[in-house]
Amino acid sequence: MKKLMTGDEAIARGAYEAGVSYASAYPGTPSTEILENLSTYKEIYAEWAPNEKVAMESAIGASVAGLRSMVSMKHVGMNVAADPMFTWAYMGVNGGNVIVTADEPGMFSSQNEQDNRNYAKAARIAMLEPSDSQECIDMVKAAYELGEEYDTPFIIRMTTRVCHSKSIVELSDRKEIAPKEWTKNPAKYVCLPAIARNLRVKLDERMKKLAAYSETSPFNRMEMGDKGVGVIASGVCYYYAKEVFGENASYLKLGFTNPLPAGLIREFCSKVDKVYILEENDPYIEEFVKQQGCQCVGKELFPAWGELTPDVIRECVTGTPNRTIEFDRSKLIGRAPTFCAGCPHRGLFYRLGRRKDIMISGDIGCYTLAAGKPYTAMDSTVCMGASISLGAGAQRAFNMEGKDRRVVTVLGDSTFFHTGINSLINTVYNKSNTVNIILDNRITGMTGHQDNPGTGYTAKGEETTLIKIEDLVRAIGVKHVYVINPNNLQEVDETLDKCLALTEPSVIITRWPCALKKFSKEDKAEFESLFITRNVVDPEKCIGCRKCLKAGCPAMSYDKETKKVKINRAQCVGCDVCTQVCPKDAIGKEA
Amino acid sequence: MTKSILLVGVGGQGTILASKILTNGLMEAGYDVKMSEIHGMSQRGGSVSSQVRYGEKVMSPVIEKGKADMVVSFEKMEALRALDYLKEDGALVVNNEEIPSMSVITGDEEYPADVLEEIEKHVKPRVVDATRLARELGNEKAANIILLGTIIRSMGLEQIDWDSILEANIKPQFLDLNRKALKAGMEAVG
């Protein structure tokens with residue numbers, strides 16, 4: 001059967017067909033849909049872990065215990081998971097194990113660009129790079145077969161375009177795999193120094209065998225055409241290159257990219273006059289090709305950042321950009337993403353951004369959008385969980401410098417469970433006095449609503465223990481804990497005043513569900529009037545001062561003809577933030 | 001010959017469903033098809049786009065600047081922004097809908113009154129009142145299917161069995177509305 005699938009769907013399909021039984025992940029664009037799709041197969045046990053390190057370790061455990069397992073993450077997630085991954089490479093698998101990394105050339109939804117192929121090389125883990133959805137299926141299946149044969153985990157390196165592009169795939173049936181027997185085997189699974197030293201030697205032996213396999217892998221193939229131009233490409237760049245250089249050029253398509261096939265590369269380079277290396281981000285293949293003594297053109301011509309889409313390649317090669325329609329660009333207005341109507345972050349950031357002499361240490365989530373107008377309420381963002389610990393460092397520095405400046409840290413519920421907990425332990429243990437705000441919107445929002453330890457539901461939709469953030473932070477030792485409704489601006493102000501006056505650390509939990517969330521029965525019971533009303537402007541009272549618009553709600557706009565503000569009925573969910581901002585009491589509830 | 005269609009709009013306007021139906025229809029008709037979208041942060045009221053390419057054998061899933069055979073914009077400003085992608089002789093359909101961005105709402109920028117005029121200086125767009133037409137059909141949200149209808153007619157894809165594709169992708173209670181919407185879209189571009 002043929003079907004159109006995204007790369008993420010196809011990775012999950014490949015895992016299903018390969019007989020995978022266990023999967024774990026933490027959500028992160030563009031990898032999130034892999035586990036979401038895995039969780040739809042009844043044959044696969046799939047779970048959301050609190051972070052990528054935990055996901056990796058659980059998947060290692062399932063493999064050691066005999067099942068085929070998969071762990072998926074966005075590129076920066078691999079930084080979190082790297083600690084177990086490097087030693088896992090030494091141990092080798094029992095049931096096959098595939099680690100999917102979704103890299104983001106172009107940084108559509110990420111804080112950095114990093115080429116995780118470097119991880120495969122550094123950790124000595126075999127790697128495959130699919131170029132379309134069919135290859136996602138084929139490579140996942142091959143990774144389990146080869147991984148069990150060569151005793152290695154596999155990394156599959158995706159990029160945003162492979163993850164989120166759809167192409168046609170051919171579906172096959174699932175191959176049921178009997179669990180492998182677990183036996184006590186400390187020489188393989190207990191990485192004490194004495195054992196690890198042996199495993200380290202074996203690791204290089206394994207890589208040599210894999211290098212020999214790489215030469216003959218069907219995923220590395222020459223397509224010989226005209227000898228003038230030869231292109232070596234991996235991932236989606238193979239198709240980008242074909243778009244630009246056409247069917248007549250020669251190609252070396254590399255899909256098995258760690259270890260790289262040295263012999264095949266030398267042979268290809270000897271057959272063509274000029275070699276272009278097309279790969280997104282780092283000169284990973286290029287450096288290897290040059291080590292082989294082959295001449296090639298790579299990053300001196302093509303950028304090491306952003307996507308290498310066909311127009312980018314064409315401009316690099318020809319020196320001129322594609323012809324486009326010229327128009328008056330001064331007519332363009334920006335359209336940056338914003339907080340949705342009813343977003344529970346709005347009330348908090350609207351008030352927080354107006355505080356003087358505070359530093360706001362932010363984190364990764366929808367709330368990072370508070371950095372922009374109209375809030376300008378974020379002064380730093382690094383990585384998941386960093387808000388609390390970066391904030392503690394900054395607060396200590398300000399205290400040592402003798403400044404009165406206070407640090408407020410801000411992160412979401414899922415981010416707190418991810419890596420914020422350790423940071424808060426540090427804050428309490430080392431006697432910091434930061435104000436720490438946990439934006440508890442009852443879901444993992446930015447990535448499209450995945451459950452987390454605070455929601456009371458698993459990835460499969462089963463009910464589970466709901467871990468209460470206020471219980472957790474009290475157990476850590478925070479004495480000043482406030483749970484507030486962020487849509488109530490007075491409550492926001494009063495709580496901030498109280499906490500900023502303290503010499504000890506405090507936690508404010510702003511609790512209101514994401515406006516886009518599918519509410520659980522517990523949500524409906526806990527939060528009264530949960531988005532069941534609408535706000536409306538009384539044109540008699542509205543003086544057109546536009547103060548309410550500074551709260552940044554996309555449901556509101558200024559009507560130039562009437563000189564009044566109006567509220568889009570289809571978007572408004574009645575959060576009442578605008579009602580409290582209006583100085584003329586002109587916004588009320590729709591009858 | 002591979003054909004390229006770019007659908008652009010604002011998060012929440014239904015570009016993804018329209019391109020899903022379009023690509024499924026193209027696949028059923030025997031074409032090779034690729035589609036590319038950017039999800040994630042841009043969903044939150046930002047500009048969104050779906051890129052659809054079809055033909056005998058499609059290589060790149062993304063459309064190059066200056067190479068789209070057709071651009072369908074669900075919103076006026078997004079049409080102007082997408083002109084970079086339209087071929088000089090490409091087809092442009094614009095939904096006559098103005099959605100203020102946050103910078104306009106807060107008063108930091110002004111939505112220019114002459115967006116369509118600026119577009120018309122360079123190409124001949126087909127301006128369709130898809131949102132109004134959908135409202136008249138009973139639900140503003142069907143504007144995406146009206147715009148899909150404009151693609152089908154403009155690209156000469158009427159021979160595909162769209163009725164069964166709609167049936168497979170749309171909830172039964174909205175099927176009748178969307179059938180009417182598709183027809184209205186086709187008629188809107190003649």
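User: In E18(A), which residue is the bridge partner of A:Ile437?

Analyst: This is a predicted model. Strand E16 (residues 435-440) of chain A pairs with E18(A) in the parallel sense, over 6 bridges. Within E18(A), the bridge partner of A:Ile437 is A:Ile508.

User: How many bridges join strand E17 (residues 480-484) of chain A to E18(A), and what is the handedness of the crossover between them, right-handed or left-handed?

Analyst: E17(A) and E18(A) run parallel, and 5 bridges join them. One bridge sets A:Ile484 against A:Thr510 of E18(A). From E17(A) the chain passes through helix H18 (residues 489-500) of chain A to reach E18(A), and this β-α-β crossover is right-handed.

User: Is A:Ile509 buried or exposed, and why?

Analyst: A:Ile509 is part of strand E18 (residues 506-511) of chain A. The cut-off for burial is 20 or more other C-beta atoms within 10 Å. A:Ile509 has 21 such atoms within 10 Å, so A:Ile509 is buried.

User: How many residues of E18(A) are buried, and which residues lie on the side with A:Ile509?

Analyst: E18(A) is mostly covered, with 6 of its 6 residues buried. Both faces are covered, one of them by way of A:Ser506, A:Ile508 and A:Thr510.

User: Which residues does A:Ile509 touch, leaving out residues up to four places away in sequence?

Analyst: A:Pro486 is 23 residues away along the chain, and its C-alpha atom is separated from that of A:Ile509 by 8.9 Å. With residues up to four places away in sequence left out, A:Ile509 touches A:Ile438, A:Asp440, A:Ile469, A:Glu470, A:Tyr482 and A:Val483.

User: Why does A:Thr159 count as buried?

Analyst: A:Thr159 lies in strand E7 (residues 154-159) of chain A. Burial requires 20 or more other C-beta atoms within 10 Å. A:Thr159 counts as buried because its C-beta neighbours inside 10 Å number 30.

User: What is the C-alpha to C-alpha separation of A:Thr159 and A:Glu280?

Analyst: A:Thr159 touches A:Asp103, A:Pro105, A:Gly235, A:Val236 and A:Glu280, not counting residues up to four places away in sequence. A:Glu280 is 121 residues from A:Thr159 in sequence, yet the C-alpha to C-alpha separation in space is 8.8 Å.

User: Which residues of helix H13 (residues 310-318) of chain A are buried, and what phi does A:Gly319 take?

Analyst: The buried residues of H13(A) are A:Pro310, A:Asp311, A:Val312, A:Ile313 and A:Arg314. Their cover includes helix H10 (237-245) and strand E13 (274-278) of chain A. Just after H13(A), A:Gly319 takes a positive phi of about 85°.

User: Which element gives the most to the side of domain 3 of chain A that touches domain 4 of chain A?

Analyst: The domain assignment includes domain 3 (345-526) and domain 4 (535-589) of chain A. Their C-alpha centres lie 28 Å apart. The contact takes 8 residues from domain 3 of chain A and 9 residues from domain 4 of chain A. On the domain 3 side, the element that gives the most, with 3 residues, is helix H14 (residues 345-352) of chain A.

User: How many residues of chain B are in contact with chain A, and which element of chain B gives the most?

Analyst: 50 residues of chain B are in contact with 45 residues of chain A. By class, the chain B side has 21 nonpolar, 16 polar and 13 charged residues. The element of chain B that gives the most, with 6 residues, is E2(B).

User: What is the bridge partner of A:Ser167 in E2(B)?

Analyst: Strand E8 (residues 165-170) of chain A pairs with E2(B) in the antiparallel sense over 3 bridges. In E2(B), the partner of A:Ser167 is B:Lys34.

User: What is the order of the 8 strands in the open sheet, and which are the edge strands?

Analyst: The pairing is mixed, and the order is E1(A)-E8(A)-E2(B)-E3(B)-E1(B)-E4(B)-E5(B)-E6(B). Neighbouring strands are turned by 20° against each other on average, direction ignored. Each edge strand pairs on one side only; the two are strand E1 (2-6) of chain A and strand E6 (126-128) of chain B.

User: At what angle to E5(B) does helix H6 (residues 143-154) of chain B run?

Analyst: E1(B) and E3(B) run antiparallel, joined by 8 bridges. H6(B) lies across E1, E4, E5 and E6 of chain B, and its angle to E5(B) is about 150°.

Terms used
Residues numbered from 1 in each chain as written. Chains lettered and ligands numbered in written order. Predicted model: local features only at pLDDT ≥ 70, side-chain atom pairs only at ≥ 80, totals over all residues. Contact = placed C-beta atoms within 7 Å. Helix = DSSP H or I, 4+ residues; strand = E, 2+ residues; numbered from the N terminus. Nonpolar A, V, L, I, M, F, W, Y, C, P; charged D, E, K, R; others polar. Pairing = 2+ DSSP bridges. Buried ≥ 20, exposed ≤ 12 C-beta atoms within 10 Å, placed from the backbone. Domains from an automatic or database assignment. Axes fitted to C-alpha atoms, helices over the stretch in contact; angles between N-to-C directions. Right-handed = clockwise from strand over helix to strand, strands pointing away.
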